[in-house]
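Notebook open, structure loaded. I'm jotting down what I look up as I go.

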Amino acid sequence: MKSSRWIFLSALVLIDVFVGRAAAQAVTETLQGLLAAQIRSQGFTCDKPLGATKDVRRSRADHGVWVLRCSNASYRVSRVPDMAAKVEPLR
């Protein structure tokens, strides 16, 4: 009886770990996809988004700043609610 409970609890922990990792990866992929779509709509080229990292030093409340890496270029994207993003190409 005790061993079946242990197996069940172990299975729940493993499922929780795998689901948590998948959810974190999906959030990251969604963020870089959203940023890439936004800069494309503003006339910039982002062939394949490779990653997005938040620039904590430049970000403020209601003003997020992200560095978006694409296969062809990198951009600093400043986002303010209900406004177009400010996009700066990086070298």
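**Ground rules.** I'm working with a predicted model, where local features need pLDDT of at least 70, side-chain atom pairs count only at pLDDT 80 or more, and totals for chains, interfaces and linings use all residues. Residues are numbered from 1 along each chain as its sequence is written, and side-chain values use heavy atoms, with hydrogens and water left out.

**Sheet.** I looked up the strands (DSSP runs of E, at least two residues; helices are runs of H or I, at least four; both numbered from the N terminus). I find 4 of them in an open antiparallel sheet, ordered 1-2-3-4. Pairing here requires at least two DSSP bridges between two strands. Strand 1 (49-54) and strand 4 (86-90) are the edges, each pairing on one side only. On average, neighbouring strands are turned by 25° against each other, direction ignored; the axes are lines fitted to C-alpha atoms. Strands 3 and 4 share 5 bridges in the antiparallel sense, and Val77 sits opposite Val87 of strand 4.

For burial I use relative accessible area: under 20% is buried, over 50% exposed, in between partly exposed (1.4 Å probe, protein chains only). Beyond four places in sequence, Val87 touches Ile39, Gln42, Phe44, Tyr75 and Arg76 (contact: heavy atoms within 4.5 Å).

**Salt bridges.** How many salt bridges does the structure hold? I get 2, taking a Lys or Arg side-chain nitrogen within 4 Å of an Asp or Glu carboxyl oxygen. Arg76 and Glu88 meet at 3.6 Å, N to O. Arg76 is in strand 3 and Glu88 in strand 4, so this pair ties together parts 12 residues apart in sequence. Arg76 is buried at 15%, while Glu88 is partly exposed at 29%. The other bridge joins Asp55 and Arg58, with closest N and O atoms 3.7 Å apart. Asp55 is buried at 15%; Arg58 is partly exposed at 33%.

**Loop serine.** Is Ser59 buried or exposed? It is buried, at 16%, in the loop between strands 1 and 2. A polar atom of the Ser59 side chain lies 2.8 Å from the backbone oxygen of Asp55. Leaving aside neighbours within four places, Ser59 contacts Lys54, Gly64 and Val65.

Methods:
Axes are lines fitted to C-alpha atoms, for helices over the stretch in contact, and angles run from 0 to 180 degrees between N-to-C directions. A polar contact is a pair of N or O atoms within 3.5 Å; within protein, one must be able to donate a hydrogen and the other to accept it, and residues adjacent in sequence count only if both atoms are side-chain atoms.
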